[in-house]
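Open the model in your viewer and keep the selection tool at hand. We will go from stop to stop.

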Amino acid sequence: MEALSLTRLADEQLAAARKADSGRSARSLHAGRDRRLRQTLLALRGGRSLDEHDSPGEATLQVLVGQVRLVAGDESWEGDAGDLVVIPPLRHALHAVTDAAILLTVTPRP
């Protein structure tokens, strides 16, 4: 059994994002070719974004730290620590309103 501290990992990734020129940092937690379910912890400095991109498949976003805004088409969602949203199967962008860490869970399309 593999166990991780999301709190510790979020702190580590936020520290890395604050130092990075891009203002972001990510770590795969559960991934690989032999795995259908993929999880990534992503940290963004406040004011930074992930530009609009295609949906990789069925996905959820859980806010671990801070506040983010997810924009998909004409819809927008703002989430705070503890919030979870199902990402619509549309092109979307993610904006960090404050320094933020999220857990992205994806089941890619077959």
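**Stop one: a facing pair**

Select L50 and find L94 in strand 8, the residue that stands opposite. This is a predicted model. Now widen the selection to strands 3 and 8. They run antiparallel, and 3 bridges join them.

You now have an open sheet of 4 strands, in the order 3-8-5-6, with antiparallel pairing. Which strands stand at the edges? They are strand 3 (49–53) and strand 6 (75–80). Each has a single partner strand, so one side of each lacks a neighbour in the sheet. On average, neighbouring strands here are turned by 15° against each other, direction ignored.

**Stop three: a loop residue**

Move to L90, in the loop between strand 7 (84–87) and strand 8 (92–96). Show its contacts, leaving aside neighbours within four places in sequence: H53, S55 and A72. Then pick E52. E52 and L90 are 38 residues apart in sequence, and their C-alpha atoms are 9.7 Å apart in space.

**Stop four: helix 1**

Select residues 6–19. This is helix 1, with 14 residues. From first C-alpha to last, helix 1 reaches 20 Å, close to the 20 Å expected. Colour L9, A10, Q13, L14 and A17, which are buried. They cover an arc of only 135° around the axis, so they sit on the same side of helix 1. Turn to the other side, where T7 and K19 are exposed. Last, show what covers the buried residues of helix 1, including strand 1 (24–30) and strand 9 (100–108).

How values were computed:
Residues numbered from 1 in each chain as written. Predicted model: local features only at pLDDT ≥ 70, side-chain atom pairs only at ≥ 80, totals over all residues. Heavy atoms only, no water. Helix = DSSP H or I, 4+ residues; strand = E, 2+ residues; numbered from the N terminus. Expected span 1.5 Å × (residues − 1). Buried < 20%, exposed > 50% of the residue type's maximum accessible area, 1.4 Å probe, protein only. Arc of directions from axis to C-beta. Contact = heavy atoms within 4.5 Å. Pairing = 2+ DSSP bridges. Axes fitted to C-alpha atoms, helices over the stretch in contact; angles between N-to-C directions.
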